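Biologist: I am new to this structure. Please show it to me, and then I will ask for a close look at a single part.

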Amino acid sequence: MPLFITFPSWLTPEIFPGFPVRWYSLMYIFAFVTAFILYRIQIKERRFPMSEDTLSSLFCWGVFGLLIGARLFHTLIYETSDFYRRQPWLIFWPFYQGRFTGLQGMSYHGGAFMGLLSVVIFAKLKKLNFRELGDMFAAAIPLGFTFGRIGNFINAELYGRVTAGPFGVLFPKETTAPLPTSENWVQEVAAKTNISIAGLREVNLPRHPSQLYEAFFEGIVLWAIIWFFRSRKPFKGFLIGLYFLGYGFFRFIIEYFREPDANIGYRFEIVKTTLPTAYAHPLLSFSTGQVLCFLMMVFGGIWLIIASRMPDSKTVYVYDVIDEEQVKTEEAAKERNQRRKLRKKLR
């Protein structure tokens with residue numbers, strides 16, 4: 001009896017075979033809709049002075065910045081070949097050799113920082129408090145992020161290291177790097193999981209479903225924590241710092257269960273190791289994701305100190321001021337009513 005979970009054969013990247021719409025793209029739509037709904041809930045419960053048009057514009061800015069940052073970071077940091085450097089126009093072109101491919105390859109860290117920058121710029125242009133806008137984004141984004149990682153799982157990509165544990169998933173051979181059966185550790189894992197390797201030169205072994213680990217901890221758990229503090233934050237901007245700290249921490253830990261990118265490996269190794277990256281992740285070896293997560297945590301900590309000392313840092317839980325556009329509409333209606341009354345008197 002196999003001691004692992006077999007990846008569902010009916011689960012494919014394309015929603016319908018031959019139709020150029022992928023689950024991963026659909027998950028992005030689910031993510032944006034979820035974040036939009038949660039943001040709108042916060043505006044209503046706080047009576048924040050923002051119209052529907054302004055909210056829609058804000059989200060367009062945020063999504064635009066996120067996609068640009070995520071795509072650029074991936075092509076600059078994770079892409080080691082000269083493919084995009086020689087053909088930069090393909091970075092945002094969703095077709096290749098006449099086939100629709102979508103924007104394959106996105107960096108969450110790049111999306112987070114560029115998304116934050118776009119919110120700051122929008123707030124300056126609209127003369128809104130960017131710490132308030134950012135806090136509401138921090139409480140809305142993580143739950144939407146869950147869908148993105150589910151999309152990675154459906155694509156059978158960004159999987160974790162080899163494991164003989166009960167949560168191991170045997171991903172499709174087409175998406176998983178084969179492992180040589182001549183290695184002792186491969187033979188040990190195969191024996192523990194009851195996988196026969198007789199007569200085989202290479203074998204596919206169960207992996208940690210690190211995409212689902214991230215969906216749970218970086219998505220659901222982080223969202224629950226920040227959502228709890230949304231009406232208990234000590235100062236404006238607190239949730240922004242909590243988000244960067246929380247995401248950085250959870251992702252840093254989960255990276256130990258995830259196999260580093262094959263073309264990059266570890267960025268820093270304090271103690272050199274000869275162990276294969278598919279089998280072990282030494283404590284003092286750090287992947288690209290862990291380096292970026294460390295920078296996120298540093299940024300989050302520094303931001304909390306700065307935000308707590310900024311002027312007008314006191315939190316406003318419920319606004320008494322209604323939207324300026326609504327005020328103008330009501331004033332215009334009053335003026336029309338007064339003119340009507342005046343015309344009636346004149347008659």
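Where is Asn194 found? Please start there and go on to other places.

Modeller: Asn194 is found in the loop between helix H6 (184-192) and strand S6 (202-203). Helices (H or I, at least four residues) and strands (E, at least two) are DSSP runs, numbered from the N terminus. This is a predicted model, where local features need pLDDT of at least 70, side-chain atom pairs count only at pLDDT 80 or more, and totals for chains, interfaces and linings use all residues. Residues are numbered from 1 along each chain as its sequence is written, and side-chain values use heavy atoms, with hydrogens and water left out.

Asn194 is not a glycine, yet its phi is positive, at about 60°. Most residues other than glycine have a negative phi. Asn194 is partly exposed, because its relative accessible area is 47%. The classes are buried (under 20% relative accessible area), exposed (over 50%) and partly exposed (in between), with a 1.4 Å probe and protein chains only.

Lys127 also has a positive phi, near 60°, and is a residue other than glycine. Lys127 sits in the loop between H4 and H5. With a relative accessible area of 77%, Lys127 is exposed.

Now take the helices on either side of that loop. Ser118 belongs to helix H4 (residues 108-126). Ser118 counts as buried because its relative accessibility is 7%. A polar atom of the Ser118 side chain lies 2.6 Å from the backbone oxygen of Gly115.

Gly148 has its place in helix H5 (residues 130-154). Its relative accessible area is 15%, so Gly148 is buried. In sequence, Gly148 and Ala215 are 67 residues apart. In space, C-alpha to C-alpha, Gly148 and Ala215 are 7.8 Å apart.

Ala224 lies in helix H7 (residues 210-229). Ala224 is partly exposed, with a relative accessible area of 37%. Ala224 and Ala139 are 85 residues apart in sequence. Their C-alpha atoms are 8.5 Å apart in space.

Next comes Thr288, in helix H9 (residues 288-309). Thr288 is buried, because its relative accessible area is 5%. The side chains of Thr288 and Arg267 are joined by a polar contact of 2.7 Å. A polar contact is a pair of N or O atoms within 3.5 Å; within protein, one must be able to donate a hydrogen and the other to accept it, and residues adjacent in sequence count only if both atoms are side-chain atoms.

Two surface patches remain. Like charges are joined within 9 Å, and nonpolar side chains (Val, Leu, Ile, Met, Phe, Trp, Tyr) within 5 Å.

Ile29, Phe30, Val33, Ile37 and Ile41 make a nonpolar surface patch of about 410 Å². Val33 is in helix H1 (residues 23-46). Val33 counts as partly exposed, at 42% relative accessibility.

The other patch carries positive charge on the surface, where Arg336, Arg339, Arg340 and Arg343 gather. Arg336 is part of helix H10 (residues 324-346). Arg336 is partly exposed, with a relative accessible area of 40%.

Terms used: Patch = residues over 30% accessible without salt bridge, like charges linked within 9 Å, V, L, I, M, F, W, Y side chains within 5 Å. Areas by Shrake-Rupley, 256 points an atom, 1.4 Å probe, with all protein chains shown as cover. Salt bridge = Lys/Arg side-chain N within 4 Å of Asp/Glu carboxyl O. Lys, Arg positive; Asp, Glu negative; His and termini not counted. Charge placed at Lys NZ, Arg CZ, Asp CG, Glu CD.
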